[in-house]
Amino acid sequence: MTHPLADDRSTVTGRRRIAFAVHTDSDRLPALPTLLRSLVLTNPGVCEDFVVLHPGLPDASFDALRRLHPRVVTRRAEGRADVLRLEGYDTVVALSPAMVVLGDLGELLRMRHGVGAVPQSLWDGRSGGRRAVLPDGLLVVQRADADGAVPDGTDVVPEDVLTPLDARYDFLTHRLYDDTPVPEGVAVLHFTGPFDEPGYGPATEARRRFEMGDEEFRAAYCALSGDKHPDLLAHLAPPLLRARPSLDLARTVADVYRRQGRYDEAVDVLAPVVGDRLDAPRCQETLGVCLMAVSRYDEAEARLLLAAASPDVAPRAFAQLARLAWLCGREEDAHAYARAGLEADPTDAGCHSWYVRTRARGPEEQPEPAPAAEQLAHVALFAEGQENAGDKVLPEAVRLCFGTDTGPRRWYQQPVHRLVDEAALERLNARRGVVVGGGGLFLPDTSPNGNSHWQWNVPDGLLARLTAPLAVFAVGYNVFDGQLYRRNRFAESLRVLVERSAFFGLRNHGSIDRVRELLPEELRDRVRYQPCPTTVARHLLPGWADPVQRDDTVLVNCAYDRAGLRFGHDYGHFLAQMAGALKGLRDRADVRYAAHMPADEKFVHDLRREHGVALPVEQLYDMSNDGIRELYRRSRLVIGMRGHAGMIPFGCGTPILSLVSHPKLAYFLSDIGREEWGLSVHDRELGPRLTERAAALLDDHAAAVADVHDAQKALWETTRSNLDELRGTFGPA
């Protein structure tokens, strides 16, 4: 039913699928390991598929390549011309076994148009010199341009799609006769004769640097400075650790496992070599964080205390200790740990956040609650301080579905990340019902735990003993395109959750499909649709009135968490396209930036630095929920990348356009039948298309608002029907 590893790679967001490709036969196959090693060592942060096209060689022929790279793909092919029509990819960088990579290929991966190649100067002996693309030369193929333009069965690139590249990306060695040094800046060296041909000593030496054994290659990669791709590290570092055990290498392996969500493996790697050493505080910290992620809290606390003994690591370790104590319901301990961290470094933001969050509150901040039997328990992410504005608005929107009193008198608050132990279970069971949600809680890596492998930190055994009626309400499957993670534990926890729930509603049909895939057949029909309540705010808020007149404002929002999964190699393209679009929109409206959290403001800084476009910022993370809704309610248009930068304004009746970098945005637009309101951040013509669609909504704004209201009707009908059912489930307050 499920697989131990799941790769949620799809085209929901329009994310570009990129590959390196090379065509070989048995004679040229021995040259490929050197090519692949050169690619990895000179571009350590890049890990795209490496596709080997061949005429039918035995599969074992490629074992040497698989030891070097985790994403070697082999395919049969008629000839090299097949690189121009490689199925399953949008961009293909075609190399040759006669090449070695000497420099950064980032510029090639960022190309978006045409078929890139280096026109070479050739001498044909009759008519003199001419320029042509060599049959085995480097190509950067955009399938959207090559399909139909290049005749089937040929590799001739027509002039109208050819994008000339600098010679350094396909530098021919015949230019280096008489032992001429390889020019500085050459990125791809292309041998036009034997690799050891006399007279080409520097070129031969440049290639020889990458002729090495597997262990030497692994060591060379791990020793590189700067960013390295986690998939490459996870492939190359563990065999090296087995061959050459060391504390530093163990921490490297554990850290990459941690980034991949493989916390149990990180613990297994690091624990045996760290022991109780006080001279390895960073290793103790990493081990403590990984132990916390698998819910081994006592062991994690011991490791973090060892790390905190080092002045250099103490602030971070104490911040983690504060989080651990809070997760376990020990508020006073959490406050004490945060205070100790501030004593070590008064400027540490993490310790300051936990210090404020866990401080004792006065009686005026704690209104008298209703009796437990009259309350609903709410399990959710409750944002505080300068956290995500959407996560502040959402819990209140969920509670509004069940009545206008959304405060602590009628609601018992259970933070979703806090461990459900025996005492917490008793408190939940004392309530007349438990509501879990909403939001993208089906996510493995924001606050990992070993009990459920999603955001609710509840062991299966305790969940099975929950006697209060349970409603999972407007939860989303929040995994990115291309996000690789292990989900067996999640699938097991999910089964118990669905079995125990009286109501199980997910916020979009994309999430419904993904979750049903993980469930046994007999439970799949229990998964139903419950839109995010922020999308129907007009129907929930008492005394709501649609604005008679709106401000002449367009609000823009971007998100930067997991930026690599959002943008891939296209961030520079996205920024340039947005700059062009926003310059055009300024002629029509006051364009402002809506930051849901401080990290969102990176867009404003990058836009000003790279393109000279400055935007005033609305800091939603410092606003009240009413202030956030009022800002969105009075705007004429919102262009947002965060899910709630679309859903909240939509719920307020404001027209939206979504910058799709996560599947959940596409799922929402599909549910309301307005796919045209979404534009992929990878769209080659994002700027002009965004300008055109925004202008249409602004030019006929009354019709656009009416369209939003019309699309909202079905969401409200579904929500109202579900709430009628839940009133019977929970009984009267």
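# A tour of the predicted model

Begin by selecting strand β22 (residues 553–556) and strand β25 (residues 637–640), which pair in the parallel sense over three bridges; two strands are said to pair if DSSP finds at least two bridges between them. Strands (E, at least two residues) and helices (H or I, at least four residues) are DSSP runs numbered from the N terminus. This is a predicted model, in which local features need pLDDT of at least 70 and side-chain atom pairs count only at pLDDT 80 or more, while totals for chains, interfaces and linings use all residues. Residues are numbered from 1 along each chain as its sequence is written, and side-chain values use heavy atoms, with hydrogens and water left out.

**The sheet around this pair**

Within the pair, look for L555, which stands opposite V638 in β25. Now widen the selection to the open sheet of six strands, whose order is β24-β23-β22-β25-β26-β27 and whose pairing is parallel. Its edge strands, each pairing on one side only, are β24 (617–619) and β27 (678–680). From one strand to the next the twist averages 25°.

Select helix α23 (residues 571–585) together with helix α24 (residues 602–611), which pack at an angle of about 80° with their axes 10 Å apart. That makes α23 roughly perpendicular to α24, since angles from 65 to 115 degrees count as roughly perpendicular, those under 35 as roughly parallel, those over 145 as roughly antiparallel and the rest as oblique. Residues making the contact include F574, L575 and L582 of α23 and F603, L607 and H611 of α24. By class, this contact of α23 with α24 has nine nonpolar, one polar and four charged residues; Ala, Val, Leu, Ile, Met, Phe, Trp, Tyr, Cys and Pro count as nonpolar, Asp, Glu, Lys and Arg as charged, and the others, Gly among them, as polar.

Go next to helix α10 (residues 281–293) and helix α11 (residues 297–308), which pack at about 160° with their axes 8 Å apart. That angle makes α10 roughly antiparallel to α11. The residues of the contact of α10 with α11 divide into ten nonpolar, two polar and three charged.

Then show helix α7 (residues 230–243) and helix α8 (residues 247–259), whose axes come within 9 Å and cross at roughly 145°. Among the residues that make the contact are L233, L240 and L241 of α7 and V253, V256 and Y257 of α8. The contact of α7 with α8 divides into twelve nonpolar residues, one polar and one charged.

**Two loops**

In the loop between β16 (433–436) and β17 (439–442), select G438; the peptide bond from G437 to G438 is cis, with omega near -5°. Then find D179 in the loop between β12 (171–172) and β13 (188–190), where D179 has a positive phi of about 55° although it is not a glycine.

**The whole chain**

Finally, show the entire protein chain, which contains 29 helices and 27 strands. Along its principal axes the C-alpha trace spans about 95 × 70 × 55 Å.

Note on methods
Axes fitted to C-alpha atoms, helices over the stretch in contact; angles between N-to-C directions. Contact = heavy atoms within 4.5 Å.
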